[in-house]
Amino acid sequence: MPTVTIDGREVEVEVGTNLIEAAKKVGIQIPHYCYHPRLSIVGQCRMCLVKIEGPPKLQTACTTQVMKDGMVVHIDIPEVHKAQEGVMEFLLINHPLDCPICDQAGECGLQDYSFKHGQAFSRFVFEEKRTYPGRERIPLGPSVVLNMNRCIQCTRCIRFTEEISGTGELGFFERGARTEIGVFPGKELDNPLSANVVDICPVGALTSREFRFAERVWYLDKKPSICTGCDVGCNVTAEHRRGAIKRYKPRFNPEVNDYWMCDYGRGTFRRYEELERLGTPAIAENGEQRPATWNDAIDRVHQSISQAPESAELAFLGTGFLTTEEAFLIARLADAAASPHRGVASEEGPTRTIPNLHGGISGSETSPNRRGAELAGLVAGDGGLGAAELMQGDGASRCDFLLVADGDPGSPLHDSEVVARLRQARLLVVMGWASTPLTEVADVVLPTATHAEKDGTFVNCESRLQRFRAAFPSPAGVRPAVEALADLLGRLHPDWRGLSTAQVFDRMAADLPTLAGLTFEELPAHGVELQAPAAVVGGGTPPAEDAHP
Amino acid sequence: MAFEPVLLRNVGKPGVRQVAGYREAGGYKGLEKALGMEPDAVIEEVKASGLRGRGGAGFPAGLKWSFIPKGNDKPKYLVCNADESEPGTFKDRILMEQDPQQLIEGCAICCWAVSANTCYIYIRGEYVEQAEILEEAIRDAYANGILGDDVMGSGFKLDMYVHRGAGAYICGEETGMLESLEGRRGQPRIKPPFPAVVGAFGCPTVINNVETLCNVPHILERGADWYKSIGTDERNTGPKLYCVSGHVEKPGTYEFPIGVTMNQLIDTCGGMWRGAKLKAFIPGGASAAILPAKHADLPLDFDQLAKAGSMLGSAAVIVMDENTDIVRAVHRLAKFFNHESCGQCTPCREGTNWSELVLKKILAGKGNPGDAELILRICRNMGGTTLCALADAAVGPLRSLVQNFPEEIAAWIDNGGAGAEPRRYFAEEVLV
Ligand SMILES: Cc1cc2nc3c(=O)[nH]c(=O)nc-3n(C[C@H](O)[C@H](O)[C@H](O)COP(=O)(O)O)c2cc1C
Ligand code: SF4
Ligand code: SF4
Ligand code: FES
């Protein structure tokens, strides 16, 4: 591998690495706008000019590849600073500079770099700024709005639609200082990945129709999380203000979603706003639910299990919204009840594909963790009732006790026929965060945390186990399901009492060969691909042969 | 010794647009000779002639041809640059109108030398008549075995197409031209890779100007030594077309050995228009620095002009007399570059726009004392920082305005133009 010297620091890089990436390796950020690691290199913004020993002129770092030993690059020198200042000045002369009313303020590439590489005065005093009258608020499609006055013509958005989404809706129109971004006639920016252009736009030219002017970004608390929209499991940053999620942004994971996520997934946090939240446990007496304490509610469930006669049938139905750890605890409960009746409610949905360097990743289930839940043991035993028998057959009518856990509104449990079938169980216990048709008819309701309020792991469509953590605590009265389940299980077996998610995971890893050697705290940031297929039975397709060419 | 025109020798001769007439006038001897030589020997001959590109940059033609990789099985292309978009340039037009077979012959020799079986002539969209003439001439060349599967009985296969542009200066820049040829928006490409390695359709490609290629048949026919005997020195050889416009009595395209002086050109053109005095001239098209009259005895060749801080460029010589307002003239040029920047590079997109606005402001009588310095600063930030040379081209006239004509810009700024001399007409009326 060739070695290049950047501002006196030597770094070894693979042949063909460009200077922006090489500099990153030694912690040097070369300012850039048009360059994006996943888009073709166009060398247009000219922000990344650096001095390379040899050629007389400054060269663009993004277009310069390290091919052999001995390249010497200077960035922190007056000549380069001057060039950066020059480009910044050119970019700012026609920029509105109305940051106080711009949606990008706080996460703007122009603000960041002009602070670092610009100068504090404007030379463009008398000439009028170029504007694009009538082009300040152009809806490009259902998710994205363009303000041409703020655009710095970096063409990232165009290249995204050409190269990543492959849909090519956007183009450059006109030329020179009149150059505009726009959709081709008769087209709309409506591909399933369209909102990613908002993330890669370095300035406030492209805004999300959902998020536009909803919040100042500096008020937002950003926490790593995982999208629950499907079983791809895109890594996201959940940006919230005091527990209310305002947006999801994709979080880089080269093994899964790379830099991207789909538009559908971006909107999935809305269910936390739109649906009524369960606030306290409830127990039904004579067909009417009354608020109860957690202790009473857990007690009620505990008694039903521990006092069940030998002949009783107890069933445990999870969903693909459970974390693997929650599913594991439910499976242990089923073990305690010596019940073979267990399953995971899941559903096929539209296929959602996210491009990445491994040929893309596609998920087609509507929940994130059917595989993890099954891996953890929610699979019917010999002669047991599974999800299909309980939901589509009359299995529930044979049950004295049925626990349904994580009745996320995204799961297929809420169809009125399914609700009616499940209701046939003599005692119906439902855990979940939202009020649903199923919680309405339950005998015991246990209000639990949303995925943003709990720790856990999901196993995605390519059998990759990924960890996520609570972005914020759950509201008063609500408990993370692991806590509630450990409480319940602890009443049957004291050594489960009070276990944390991490401890549950570690016990599970000790139990399951597929997870051997893993610990919750040491799971790699990009997840682990589980060797044996996580899906023991049930639907879903195994990862395609060429998922990792 | 009187100079016999070489490139323009067939101008006005009846029938030379056809193969038969062209042959009668002595044509196709160069191609015939070339086909009897090894391709490499042809390249060597062109190298030895010292022929430098006539499109603007003056790059040695033979050297460029030698960059085409050998022994790789990708197709190779010649793209003849007939975009002729540099303001003030009207020489390729004459060559195509008057003697299209000469161009076809030059192209064919180049294709033989670099083993290209396909040639595109990329012609500017406004040249409708010239495109038709070329197409007619190409048809006739096919009919007479000059083009097609068996070029002059040699077994060499060559197809030639005329491709019409859609009206953009930037499509004269070689990689912008390739993009346009391939059906995309005309925007220059990142170099390297250079077209000789990755050119049209991803294949090795030679790009040469019309006039460059028109020199080639003569080099082959009469030899590199003869060719080198024309011109100022070893590095500036051969005949050259000068497109003279502006304040002379008889503007036009004139052929001279490379290195004629401004004064000689003015004489040839029947003197200055209405006998006025020379104030300044642009020696090489809109991109060249404007020189003051004191350089009128400078040989107009590649190196002498470079030394004087300007360039030969496309040899579009624009003559400005004492009544010309240089600030207005430069404003008109700045407007051109602002209009023609493709817009992908920040410094060019914004710099060409800004410089036009500064000049417009000065011409509105609202100039500031710092404006000359500001123009230089814009030039500094624009020059040498972009993908293609358009930004550098825009810098040419701007910088020369401040450096060579400081008093003109000062007059506008100090007096809001009021103190400047009365003008009979403005350069922009002439410089369209
Ligand atoms: C902005 C710009 C415009 C150009 N326009 C032309 C043109 O109209 N005709 C031309 O022959 N060369 C033009 N060139 C030069 C070409 O890029 C290229 O150098 C030339 O065609 C090479 O041919 P030559 O080596 O025979 O001169 C232009 C260059 C630039 C930067
Ligand atoms: S809209 Fe944004 S991403 Fe698109 S070209 Fe303009 S600045 Fe770049
Ligand atoms: S220098 Fe100007 S014309 Fe050339 S590629 Fe850049 S923006 Fe386009
Ligand atoms: S990042 Fe290199 S030119 Fe834009």
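This is a predicted model: local features need pLDDT of at least 70, side-chain atom pairs count only at pLDDT 80 or more; totals for chains, interfaces and linings use all residues.
Me: Thanks! What does chain A look like overall?

Reply: Its C-alpha trace spans about 90 × 50 × 40 Å along the principal axes. Chain A holds 15 helices and 27 strands, and 58% of its 549 residues count as buried.

Me: Why is Leu92(A) called buried?

Reply: Leu92(A) has 18% relative accessibility, and buried means under 20%, so Leu92(A) counts as buried. This residue is found in helix α2 (residues 78-93) of chain A.

Me: Which residues does Leu92(A) touch, not counting those up to four places away in sequence?

Reply: Leu92(A) touches Leu97(A), Leu110(A), Ser114(A) and Lys129(A). As for Arg159(A), Leu92(A) is 67 residues from it in sequence and 23 Å from it in space, C-alpha to C-alpha.

Me: Why is Asn381(B) called buried?

Reply: The reasoning runs the same way: Asn381(B) has a relative accessibility of 14%, and the cut-off is under 20%, so Asn381(B) is buried too. You will find Asn381(B) in helix α15 (residues 371-382) of chain B.

Me: Which residues is Asn381(B) in contact with, leaving aside neighbours within four places in sequence?

Reply: They are Lys82(A), Gly86(A), Glu89(A), Phe90(A) and Pro347(B).

Me: How do you know that residues surround ligand 2, and which ones are they?

Reply: A residue is near when one of its heavy atoms lies within 4 Å. The residues around ligand 2 are Cys151(A), Ile152(A), Gln153(A), Cys154(A), Thr155(A), Cys157(A), Ile181(A), Cys201(A), Pro202(A), Val203(A), Ala205(A) and Leu206(A).

Me: What does the shell around ligand 3 look like?

Reply: 13 residues surround ligand 3, and the closest are Ile170(B), Cys342(B), Cys345(B), Cys348(B) and Cys388(B). By class, nine are nonpolar, four are polar and none is charged.

Me: How much space lies in the second largest pocket?

Reply: It has about 1,100 Å³. Of its 42 lining residues, the closest to the centre are Val198(A), Asp199(A), Ile200(A), Cys201(A) and Lys249(A). In the lining, 17 residues are nonpolar, nine polar and 16 charged.

Me: Which element supplies the largest share of that pocket's lining?

Reply: That is β15(A), with five residues. Elements of chain A with at least two residues each in the lining include α3 (109-117), α5 (196-200) and α6 (263-266). By domain, at least three residues come from each of domain 1 (3-76) and domain 2 (130-274) of chain A.

Me: Where do the domains of chain A lie in its sequence?

Reply: The domain assignment gives domain 1 (3-76), domain 2 (130-274) and domain 3 (283-529). Eleven residues from domain 1 of chain A and 15 residues from domain 2 of chain A take part in the contact between them. The C-alpha centres of these two domains lie 28 Å apart.

Note on methods
Residues are numbered from 1 along each chain as its sequence is written. Chains are lettered from A and ligands numbered from 1 in the order in which they are written. Side-chain values use heavy atoms; hydrogens and water are left out. On a 1 Å grid over the protein atoms alone, a cavity is a set of points where a 1.4 Å probe fits but cannot get out, and a pocket is an open set with protein on both sides within 12 Å along at least five of seven lines; lining residues have an atom within 4 Å of a point. Grid points are joined across faces, edges and corners, and a volume is the space filled by probe spheres set on the points. Helices (H or I, at least four residues) and strands (E, at least two) are DSSP runs, numbered from the N terminus. Ala, Val, Leu, Ile, Met, Phe, Trp, Tyr, Cys and Pro count as nonpolar, Asp, Glu, Lys and Arg as charged, and the others, Gly among them, as polar. Domain bounds come from an automatic or database domain assignment. Buried means under 20% relative accessible area, exposed over 50%, partly exposed in between (1.4 Å probe, protein chains only). Contact means heavy atoms within 4.5 Å.
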